[in-house]
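Please walk through this model with the sequence and the 3D view open side by side. Which parts deserve a look?

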Amino acid sequence: MINKLVNTTKEAVSGIFDGATIMIGGFGEAGSPIELIHALIDQGAKNLTIVSNNTGSGEVGLAALIAHKRVKKMICSFPRTANSTVFPDLYKKSEIALELVPQGTLAERIRAGGAGIPAFFTPTSVGTPLEEGKEKRIFDRVTYVMEKAIKADFAFVKAKAADRYGNLIYNKTARNFGPVMCTAAKTTIVQVQQFVEPGELDPECIVTPGIFVERVLIVKNPVDESKLVAENRRYPW
Amino acid sequence: MVEKVEIQGWEIDEMAKKVAFDIPDGAYVNLGIGIPEKVAGFVPEGREVIYHTENGLLGMGDSPEKGQEDPELINAGKKAVTAIPGASYFHHADSFTMIRGKHIDICVLGALQVAENGDLANWSTGEPGAIPAVGGAMDLVAGVKTIYVITRHNTKTGKSKIVKECSYPLTGKGVVSRIYSNLAIIDVTKNGLVVRELAAGVSFDYLQSRTEARLYQ
């Protein structure tokens with residue numbers, strides 16, 4: 001019988017090794033799988049490469065993981081936001097590496113990684129400093145740069161509901177990178193608020209088919225990142 | 001020497017209104033963070049415009065009422081928004097398919113500099129030590145059919161933002177179609193920067209004196 005449900009946060013993040021590449025969903029706090037990130041801090045893996053749009057806020061979630069010096073490199077499009085100080089401080093001290101990727105290119109590199117496409121051509125970044133070192137080709141008189149797929153050892157994704165097959169639906173703009181990240185990691189770990197019986201999710205409305213998901217953890221009441229940041233909370237509590 | 005009096009021209013709301021007037025009924029539009037967001041407040045009566053926000057919502061509505069904010073319903077500036085009836089949510093690869101695939105009609109962006117050939121710099125001043133952050137700006141200018149820039153004509157220190165050549169790192173080459181500044185509306189054409197409309201009290205000569213790039217009437 002297939003049952004992807006795991007019972008503890010510890011089990012959810014088991015097997016994550018030093019030097020792993022991990023994709024972490026979320027656009028700002030929307031869709032950020034904070035409970036899984038905190039479980040990873042407890043688990044202890046280090047020298048990680050993290051693929052995520054931002055670098056977290058305050059000292060919780062992704063920012064806490066970075067503050068604990070577990071991350072050697074960030075691959076992201078926007079490494080600073082209003083309440084983001086952890087990454088900028090380490091970056092200025094050259095204690096963390098950054099690969100800056102335009103947001104749409106980041107999404108497509110992940111999509112390609114999950115779809116078995118090793119590279120693709122895009123007009124984004126042509127004529128800008130971010131084209132540096134990239135192969136160029138002209139198609140129909142337009143110049144494109146080649147971008148390579150990104151794959152990961154693990155993906156952490158937050159969704160609204162799952163069944164035991166790992167079928168997922170999401171919540172509003174918290175969907176963001178989740179569906180593409182699920183496809184591009186060897187082991188995709190999802191935290192959901194609701195766990196339902198097979199058949200309860202309308203097959204017409206399932207966003208991520210279960211084949212892309214390995215582990216499902218129920219987090220009924222996920223924390224609200226902006227509230228924690230406003231209260232100056234830090235993980236570990 | 002005669003001291004030059006600085007003319008204020010249009011207020012930001014008036015600039016936003018000018019942009020909104022040039023967006024046709026039925027357009028799919030992406031508004032950049034900050035001043036461009038104001039455009040949504042000035043759509044003329046009788047026109048329906050659908051707003052796209054690249055974090056994954058087509059059919060973005062107004063800001064929610066206080067207390068009704070949902071941290072999982074936000075725009076690209078990470079501010080709480082609402083979704084109109086008929087809105088749709090989608091993941092990032094689909095969202096940038098809309099952008100890169102030339103499905104979005106108009107994008108309104110802010111600028112650090114615009115060059116006379118339509119080059120745009122709006123993501124970095126290239127200062128050493130600054131944390132580079134680009135977000136979706138490069139995808140938007142590479143993919144959206146028409147790029148409008150809304151910006152103050154000059155910097156706080158009086159420098160022209162409309163230049164012969166951008167000194168800041170580019171967001172895209174030859175991508176801007178039209179500039180809405182507090183002093184004028186300017187089209188970027190094959191033959192250079194052509195002034196379409198001057199703000200009240202602004203003469204062509206005054207505008208040229210405030211602009212590094214060559215302007216045409």
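The report below covers the chain contact, the helices, the sheets and the core.

## The model and its chain contact

This is a predicted model. Chains A and B touch each other, with 41 residues from chain A and 32 residues from chain B taking part. On the chain B side, α2 and α3 each supply at least two residues. By residue type, the side of chain B that touches chain A splits into 16 nonpolar, nine polar and seven charged residues.

## Helix α2 of chain B

Helix α2(B) spans residues 92-100. Its buried residues are His92(B), Ala93(B), Ser95(B), Phe96(B), Ile99(B) and Arg100(B). Viewed down the axis of α2(B), these residues fall within an arc of 155°, so they line one face of the helix.

What lies over those buried residues? The cover includes three elements of chain A: α5 (103-115), β6 (119-122) and α6 (178-184). It also includes α3 (137-143) of chain B. Just after the helix, Lys102(B) takes a positive phi of about 65°.

## Helix α1 of chain B

Helix α1(B) covers residues 12-21. Buried here are Met15(B), Ala16(B), Lys18(B) and Val19(B). They cover an arc of only 155° around the axis, which puts them on the same side of α1(B).

## Strand pairing in chain B

Strand β10(B) runs over residues 176-180 and is mostly covered, with four of its five residues buried. It pairs with β8(B), residues 146-150, in the parallel sense over four bridges. In that pairing Ile147(B) stands opposite Val176(B). Strand β10(B) also pairs with β11(B), residues 184-189, this time in the antiparallel sense over three bridges. There, Ile179(B) has Ile186(B) as its bridge partner. A hairpin of three residues joins β10(B) to β11(B).

Chain B also holds an open sheet of three strands in the order β7-β6-β9, with mixed pairing. β7 (120-121) and β9 (162-163) stand at the edges, each with a single partner strand, so one side of each is left without a neighbour in the sheet. β6(B), residues 113-115, pairs with β9(B) in the parallel sense over two bridges. Ala115(B) has Val163(B) in β9(B) as its bridge partner.

## An antiparallel sheet in chain A

In chain A, three strands form an open antiparallel sheet in the order β6-β8-β7. β6 and β7 (136-139) of chain A are at the edges, each with a single partner strand, so one side of each has no neighbour in the sheet. Neighbouring strands of this sheet are turned by 40° against each other on average, direction ignored.

β6(A) pairs with β8(A), residues 142-148, in the antiparallel sense over four bridges. Ala119(A) stands opposite Lys148(A) in β8(A). Helix α5(A) packs on the sheet and touches β6 and β8 of chain A. The direction of α5(A) makes about 150° with that of β6(A).

## The largest nonpolar core

The largest nonpolar core has 126 residues. Which residues have the most contacts inside it? They are Met23(A), Ala155(A), Met181(A) and Val149(B). Strand β9(A), residues 152-162, gives the most to this core, with seven residues.

Met181(A) is worth a click. Not counting residues up to four places away in sequence, Met181(A) touches Met23(A), Gly25(A), Ile110(A), Ala155(A) and Val157(A).

## Val190 of chain A

Val190(A) sits in strand β11(A), residues 185-195. Is Val190(A) buried or exposed? It counts as buried because it has 28 C-beta neighbours inside 10 Å, and the cut-off for buried is 20 or more.

Leaving aside neighbours within four places in sequence, Val190(A) contacts Val157(A), Ala159(A), Ala162(A), Leu168(A), Val213(A), Arg215(A) and Val216(A). The C-alpha atoms of Val190(A) and Ile218(A) are separated by 8.5 Å, and the two residues are 28 residues apart along the chain.

Note on methods
Residues are numbered from 1 along each chain as its sequence is written. Chains are lettered from A and ligands numbered from 1 in the order in which they are written. This is a predicted model: local features need pLDDT of at least 70, side-chain atom pairs count only at pLDDT 80 or more; totals for chains, interfaces and linings use all residues. A residue is buried if 20 or more other C-beta atoms lie within 10 Å of its own, exposed if 12 or fewer, and partly exposed in between; C-beta atoms are placed from the backbone. The arc is that of the directions from the helix axis to the C-beta atoms. Two residues are in contact if their C-beta atoms, placed from the backbone, lie within 7 Å. Ala, Val, Leu, Ile, Met, Phe, Trp, Tyr, Cys and Pro count as nonpolar, Asp, Glu, Lys and Arg as charged, and the others, Gly among them, as polar. Two strands pair if DSSP finds at least two bridges between them. Axes are lines fitted to C-alpha atoms, for helices over the stretch in contact, and angles run from 0 to 180 degrees between N-to-C directions. A nonpolar core is a set of buried Ala, Val, Leu, Ile, Met, Phe, Trp, Tyr and Cys residues joined through C-beta atoms within 7 Å.
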